[in-house]
Amino acid sequence: MALHSASVDNKLIFAPAGKEAHGQAGQFTKDVLTRSDLDPTSPIRQFHKWFAAAQQSGLIAHPETCCLSTASLPSGRVSSRVVYMKELDDQGFVIYSNFGTSKKAQDLATNPWASLTFWWEGLERQVRVEGQASRLTREESQKYFDTRVRGSRIGAWSSRQSQVLKSTEEEDDGRKVLDAWVEETEKRFEGQDNIPVPDFWGGLRVVPESVEFWQGRQSRLHDRFVYDNKTSTKEGVQEWALERLSP
């Protein structure tokens, strides 16, 4: 069967290369990754090492930035959004968000599996995390909530995340509805410094079942290593299988 040759003329974007509209993509040449570079027993410790390197490199503005993907069942439809990882512990990766009206909340109600992807372009590295997600306790969420600036705490109470904002006036696109919700919340907590975390808002921990570390290499022959979760030992120690993957 002959390969289909599509006309470039009907494509809005074709083979972009950075700032160039068309061209060959640049090569990844900054580093290599071998098994000996990786922690042999824990992807959490290995991620902590890479995260610290990203923070200290001066090349990554916000290394905590990641893409959280969820999928609803039974449709299997996937949704993704960029979030900040706010905590890392022995159990997994923690982000904070609205879990009342958001799309992610709807997905997780039918399917606890989620993934996180970190992309550190300046180091030509990415990390992919797959696992099951669960909510943190109210007490745990409150500790982080208290570190947020007041406006962000007010915003968490105010927004019905992902709900449609309908205009109330001819020249309004719906923003005035949100502004009114914020005003209501400001009045509710006027003069209060200690604002409680909303029941519908808080932490979500993704407990990893697999974690892949990716280092860009020349000719797209990247170095890829994945940790896969194995059954815990009788002593309760988590064991991981570490394998190199083909690019």
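Trainee: Where do D179 and R175 lie, and how many residues apart are they?

Mentor: Both residues belong to helix α5 (residues 175-188), with a separation of 4 residues, about one turn of the helix. Helices here are DSSP runs of H or I with at least four residues, strands are runs of E with at least two, and both are numbered from the N terminus. The side chains of D179 and R175 form a salt bridge at 3.4 Å, N to O. The term requires a side-chain nitrogen of Lys or Arg within 4 Å of a carboxyl oxygen of Asp or Glu.

Trainee: What is the basis of these values?

Mentor: This is a predicted model, in which local features need pLDDT of at least 70 and side-chain atom pairs count only at pLDDT 80 or more, while totals for chains, interfaces and linings use all residues. Residues are numbered from 1 along each chain as its sequence is written, and side-chain values use heavy atoms, leaving out hydrogens and water.

Trainee: How many salt bridges are found in the whole structure?

Mentor: The search finds 14. One of them joins the side chains of D31 and R125 at 3.4 Å, N to O. D31 is in the segment before α1 (43-57) and R125 is in strand β5 (residues 125-135), so this pair ties together parts 94 residues apart in sequence. R125 is buried at 12% relative accessibility, whereas D31 is partly exposed at 34%.

Trainee: And which residue pairs with D223?

Mentor: D223 forms a salt bridge with R244, and their closest N and O atoms are 2.9 Å apart. The two residues link distant parts of the chain, with D223 in strand β7 (residues 223-230) and R244 in strand β8 (residues 239-245), 21 residues apart. D223 is buried, with a relative accessible area of 5%, and R244 is partly exposed at 41%.

Trainee: Which residues are linked in a network?

Mentor: R128, E130, E212 and R224 are linked by salt bridges in a network.

Trainee: Changing topic, how many disulfides are there?

Mentor: The search of the whole structure finds 0 disulfides, the criterion being a pair of cysteine sulfur atoms within 2.5 Å. For C66, the nearest cysteine sulfur is that of C67, 7.7 Å away.

Trainee: Are these two cysteines buried or exposed?

Mentor: C66 is buried, with a relative accessible area of 2%, while C67 is partly exposed at 25%.

Note on methods:
Buried < 20%, exposed > 50% of the residue type's maximum accessible area, 1.4 Å probe, protein only.
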